[in-house]
Amino acid sequence: MSLLTVENLTLQFRTDEGLITAVDDISFTLDRGEVMGLVGESGSGKSVTAKALMMLNAGNAIYGPESRITLHLEDGDVDVLACKRPREMRVVRGGAISMIFQEPMASFAPAMTIGSQMVEQLLIHTDLSRAQAKALSVEMLDRVGISDASARFNQYAFELSGGMRQRAMIAMALSTKPRLLIADEPTTALDVTIQAQVIQLMQELVKDFGMGIIFITHDLGVVAQTADKVAVMYLGRMVEKGPVRAVLRGPAHPYTQGLIDALPKLDDLDAPLRPVPGDIPSPLERPSGCVFHTRCARALVDTCRTAVPQWSNAGPDHRVACHLNTGETCA
Amino acid sequence: MTSPPNTLISTRDLQVGFAIRKGPFSKGLLKAVDGISIDIPKGAFLGVVGESGSGKTTLGRALLQAVPVTGGSATYDDGEVRYDLGQLKGAALKEYRSRAQLIFQDPYAALSPRMTVRDIIAEPLEVMGLTKSRAETDARVREVAATCRLNLEHLRRFPHAFSGGQRQRISIARALVCGPRFVIADEAVAALDVSIQADILNLLKQLQRDLGITFLFISHDLSVVAHTCDHVAVMYLGRIVESAPTRALFRAPRHPYTRALFSAIPSLDPDDRGRAQVLSGEIPSPTNQPSGCTFHPRCPFATERCKREAPQAEKGADGHMVSCHHWRELAAAPDAIRQAEPAE
């Protein structure tokens, strides 16, 4: 059962230096209860894509005319990009979609208690009374493993540690029972030990709540531990997508292969670290043809520089946008 | 205790404390580094790992005399000069600065946006008066830039024109320009993307080999440390709980904390989920340290003895140091770690 359909999403920003293409013609779908990992380097357009789903991008964003984002809810489809008035936006901002941000300190208001922020959003998005909202908030804080939840409810964000804050953020995002949860680098700012706790918590919550999750990260290990399927982005384009096992074990795009090779692996300390050569180009100087050709060791001299690669099959449900792939072309 | 020959940095019971206010009339002492004894041989690549709040950065700063040492001793001896880091002041401190340098974590914050790359790299030379003429400075800057694989045309540009990886190479060039023997890299790759991270790590390794620089590499990322360092020290709440040559440590970690850190690294294998031995709780505040072994509230194997008595460091002939009462029993039953329940 499909929950979200993104078709031909193109997003540009008008800036003083000119028009910057942040997302270039990407399409994907997400089913209910499915976890999709969205992977890529900084500047690849992961966060901008996620923000587009909630219409949170800045006012200088220009959506392409072909772009469509459709949210399939029980009471009908929502055309996200057509939402204009604040009342319509509430559905995608906190109603059906919730977001967990990277930096938990920056995403809580510093002058309000954790509890009053949780209650505030419940009053906006649900029919609960203030007392019910408080009861639910305390229950959610307890559910995500915060001890002494009713005391924490009255504390401020600065009184909690990083791991606690991220748990509270997750509790807050889930209390409105969203259909879709967007987690933007939720574990990046945390220590490995705390990251492992948060990953375990999210695995449990997916089982219990059954919502769709888009998990944005640059850490392939985190994706392997959480996602059902993966989409790899580079410079605003999606270059590979497929089931998590297929992509991580048999990466078909040279960029995905490069990312995996660049990771230090603990089971083979003698393996040399192989960086992806070169630097990610400035968005003002987007390469022509395949955007990755400037850093690709196997780039074909003519084809890759001039022609944008089409999607082709690399396995069951596994698609790659690369000229080197020999599988049959697909839409 | 004497340090072996060929030791560059040697600390004995090093302590760094910060005075804090506990209440209106009571003052406390926050022990960020609490009794560290370590010898860093010349040309070594020593990794220091631990969670945030474990005192890694403070240890690095203390060795640069960037925070005052409040107890114990730390010495620097490169064969030409010998400094007692706790007493270093004035001209000697300035001279030491040309021998010990720091690479910062965030290459976006560490470079002045108003200076050209050439000026950024040349500044240490000018401040320390190491070169006699502008031409000499320029020659040295070009030489260092080439070592760090920076394009010479880039020297006239400003930092905003560069990506994270390039900025970190500029930052490294600035640290190297005065010819240091000892460089502390504090989370030098943490802010970089994986595809670039490997490039910077390879550069640091090359500098160790070609220039014989001794590195103290501070990181929270164990897999990065495993691939770059020769020797690793694991810190928890201001103390070193385990230290060993990298291979020995990763093959058979002895301290329960080290084991937990290893198992928390997310595996790249999607079928390996739920393998992580999740450590309950968080690192306690250094102002309120647990009794006995400071790790006991989070340790799945803690016993009554751990609550009462602080473990002593035990060092084997193989250079593997661990401070845990029960490491021998744990090494004998390695699978116990998965079944054990945390102590209440």
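Which are the buried residues of α9(B)?

Reply: Happy to take a look! A word on the model comes first. This is a predicted model, in which local features need pLDDT of at least 70 and side-chain atom pairs count only at pLDDT 80 or more, while totals for chains, interfaces and linings use all residues. Residues are numbered from 1 along each chain as its sequence is written, and chains are lettered from A and ligands numbered from 1 in the order in which they are written.

Now to your helix. The buried residues of α9(B) are B:P256, B:Y257, B:T258, B:R259, B:A260, B:L261 and B:A264. Here a residue is buried if 20 or more other C-beta atoms lie within 10 Å of its own, exposed if 12 or fewer, and partly exposed in between, with C-beta atoms placed from the backbone. Helices (H or I, at least four residues) and strands (E, at least two) are DSSP runs, numbered from the N terminus. Helix α9 of chain B spans residues 256-264, and seven of its nine residues are buried, so the helix is largely enclosed by the rest of the structure.

The partner chain comes next. Between the chains, 35 residues of chain B are in contact with 37 residues of chain A, where contact means C-beta atoms, placed from the backbone, within 7 Å. On the side of chain B that touches chain A, α9 is one of the helices that each supply at least two residues, together with α5 (164-176), α6 (194-211), α7 (222-228) and α8 (246-251). The largest share, eight residues, comes from α6(B). By class, this side has 17 nonpolar, 11 polar and seven charged residues; Ala, Val, Leu, Ile, Met, Phe, Trp, Tyr, Cys and Pro count as nonpolar, Asp, Glu, Lys and Arg as charged, and the others, Gly among them, as polar.

Elsewhere in chain B, the axes of α3 (residues 117-128) and α4 (residues 134-147) come within 10 Å and cross at roughly 120°. That makes α3(B) oblique to α4(B). From α3(B), B:R118, B:I121, B:A122, B:L125 and B:E126 meet B:T137, B:R140, B:V141, B:V144 and B:A145 of α4(B). This contact has six nonpolar, one polar and three charged residues. As for the terms, axes are lines fitted to C-alpha atoms, for helices over the stretch in contact, and angles run from 0 to 180 degrees between N-to-C directions. Angles under 35 degrees count as roughly parallel, over 145 as roughly antiparallel, 65 to 115 as roughly perpendicular and the rest as oblique.

Over in chain A, there are 12 helices and 13 strands, and 48% of the 331 residues count as buried. A:M169 in helix α7 of chain A is buried, with 25 other C-beta atoms within 10 Å. Leaving aside neighbours within four places in sequence, A:M169 is in contact with A:I100, A:P104 and A:S107. The C-alpha atoms of A:M169 and A:S107 are separated by 8.2 Å, although these residues lie 62 residues apart along the chain.

Most residues other than glycine have a negative phi. A:K177, in the loop between α7 (162-175) and β8 (180-184) of chain A, has a positive phi of about 50° and counts as partly exposed, with 13 C-beta neighbours inside 10 Å. A:E185, in the loop between β8 and α8 (192-209) of chain A, also has a positive phi, near 50°, but is buried, with 20 other C-beta atoms within 10 Å.

How values were computed. Two residues are in contact if their C-beta atoms, placed from the backbone, lie within 7 Å.
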